[in-house]
Amino acid sequence: MSINIEEVRKQFPILETQVYNKPLVYFDSAATTHKPQRVIDKIDEVYKTLNSNIHRGVHYLSNQATLAYEEARNKVQGFINAEHSHQVIFTSGATAAINLVANSFGETFINEGDEIVVSTMEHHSNIVPWQLLCQRKKAVLKVIPINQDGDLEMEAYKSLLSDKTKIVAVTHVSNALGTVNPIQDVIDLAHEKNIPVMVDASQSVQHIGIDVQKMDCDLLVFSGHKIYGPTGTGVCYGKEDLLNQMVPWQGGGEMIHKVSFTETTYNELPFKFEAGTPNIAGAIGLGEAIDFVSELGVDNIAAYEDELLQYATNKLMSIEGMRIIGTAKKKSSVISFLINDIHPFDIGTLLDRMGIAVRTGHHCAQPIMDLYEIPGTLRASIAVYNTKEEIDQLVAALTKVAVMFA
Amino acid sequence: MTINEIQEEIIEEFATFDEWMDKYGYLIELGNDLEPYDDTYRVDQNILDGCQSKVWLHAWMEDGKVYFMGDSDAIIVKGIVALMIRVLSGQSPDDILSSELKFVEEVGLKDHLSPTRSNGLVAMIKQMRLFALAFKAKQA
């Protein structure tokens with residue numbers, strides 16, 4: 001089965017938007033994807049028909065809300081092929097999930113002099129929580145270098161792994177370069193030394209698909225809003241043993257078993273890590289988004305998006321002065337580029353006036369920009385609702401814009 | 001010329017453009033024509049925060065008037081810098097502080113005032129007024 005693009009686009013009402021009297025062309029899905037009508041309807045339905053707090057009411061609505069919330073958890077479990085649904089912890093996003101891991105895993109396992117390994121291409125959200133942890137624990141952050149193409153230096157990675165390494169936290173797909181990392185090798189090499197691995201799947205779960213059991217990753221995080229779900233949703237998956245060992249991070253209601261002023265015991269998984277009232281409607285909306293992706297088929301999405309990526313790369317290369325930043329062997333859904341010496345902000349400003357939405361700047365990945373010695377890039381990122389016609393429009397607009405700066 | 005007279009002049013210039021592309025084309029031209037920035041003042045403390053592009057701004061006082069020099073690594077922003085300098089450079093601190101920069105809205109740069117644009121127009125105006133205030137305090 002292939003993607004019926006017309007049917008897909010019909011499901012996204014925002015694609016009807018006019019920007020400065022021109023039809024919106026949206027190439028900023030790596031920042032956030034749009035939401036299909038069914039997700040919007042689902043959130044609406046939650047508040048209209050089953051709004052109630054979960055896991056604590058004896059009453060009908062509370063039970064209905066709890067069932068729907070836990071059903072969403074089951075959907076995530078199935079989608080990433082986790083063994084149990086209680087290995088799926090709902091968070092407010094990938095950032096919150098990484099902070100959860102850095103704090104909870106960090107508190108449990110990281111001591112002075114220990115080392116944490118990340119890569120140069122991490123999003124700031126997979127750098128800063130670890131830096132904060134390193135400051136607290138006097139631990140050391142080690143960074144896997146990347147080459148000029150934007151591929152991880154795997155030999156350097158091997159040499160970074162030692163007895164001191166307590167965790168490896170690496171992204172599956174780079175949000176700034178589009179590089180698809182050899183995540184299986186990253187995991188296997190760490191496991192040879194019994195080092196756990198956390199995978200940031202924020203830019204892969206919606207494009208490539210994830211099987212946590214096959215990958216054998218120890219922890220995995222992603223944001224709901226980048227996979228056609230609502231903002232303020234995210235997931236932290238973990239192996240059962242590991243999650244059980246990790247101390248809770250945030251305290252509050254729901255996460256406790258018994259509270260007294262002498263001793264408090266914690267609830268079981270996943271509730272131990274879900275303090276307070278969660279984003280109930282958001283999680284249920286995320287469940288709906290996962291149904292949307294599953295029904296299209298993540299393999300079909302990947303094939304369609306890869307075709308678009310290849311088409312866009314070829315077309316963009318025809319523009320004079322085009323410089324694509326990130327030419328890794330394997331890429332997904334993201335093209336970062338510059339034209340001659342024109343500042344990305346200048347091009348982005350004019351594209352906006354033509355109704356074309358791209359991201360400009362450092363994409364929350366400043367170490368990469370430092371590596372390439374550039375102020376930032378333009379980033380066109382692709383989702384399942386994009387078309388070749390839109391790519392043609394982007395290329396035509398860029399050609400027009402480049403002339404203005406010549 | 002007074003600040004208001006210069007503003008009127010700019011508004012008239014922009015009124016001749018029907019197309020947004022011509023407007024931006026003109027900004028690019030203004031950016032290209034801006035007096036070169038003296039590298040002596042290309043220091044971190046002269047960089048404005050809150051911009052996606054880099055903006056440098058330097059000011060000095062001569063015969064009771066404030067003069068500005070500016071630059072940006074993005075050419076459209078540099079064009080905006082050029083407009084701001086044209087309006088405010090060579091004016092007295094009091095005039096700068098009491099000025100109403102209505103041309104920004106009238107020539108259609110208002111979008112650029114939105115904080116989400118982070119192109120530094122807001123920071124630019126604020127910094128120019130701060131320079132004026134500092135020179136005024138020195139005068140007193």
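The C-alpha centres of domain 1 and domain 2 of chain A lie 28 Å apart in this predicted model. Domain 1 comprises residues 5-30 and 298-404, and domain 2 comprises residues 40-295, with bounds taken from an automatic or database domain assignment. The contact between them takes 24 residues from domain 1 and 22 residues from domain 2 of chain A, two residues being in contact if their C-beta atoms, placed from the backbone, lie within 7 Å. On the side of domain 1 that touches domain 2, the elements giving two or more residues are α11 (298-317), β14 (334-339) and α13 (366-372) of chain A. The largest share of that side, 4 residues, comes from α11(A).

Chain A contains 14 helices and 17 strands; these are DSSP runs numbered from the N terminus, of at least four residues for helices (H or I) and at least two for strands (E). Among contacts between residues at least 6 apart in sequence, 71% join residues at least 24 apart. The C-alpha atoms of chain A fill a box of roughly 70 × 55 × 35 Å along the principal axes. Of the 406 residues, 50% count as buried, that is, 20 or more other C-beta atoms, placed from the backbone, lie within 10 Å of the residue's own.

Residues are numbered from 1 along each chain as its sequence is written, and chains are lettered from A and ligands numbered from 1 in the order in which they are written. Because the model is predicted, local features need pLDDT of at least 70 and side-chain atom pairs count only at pLDDT 80 or more, whereas totals for chains, interfaces and linings use all residues.

Notes: Buried ≥ 20, exposed ≤ 12 C-beta atoms within 10 Å, placed from the backbone.
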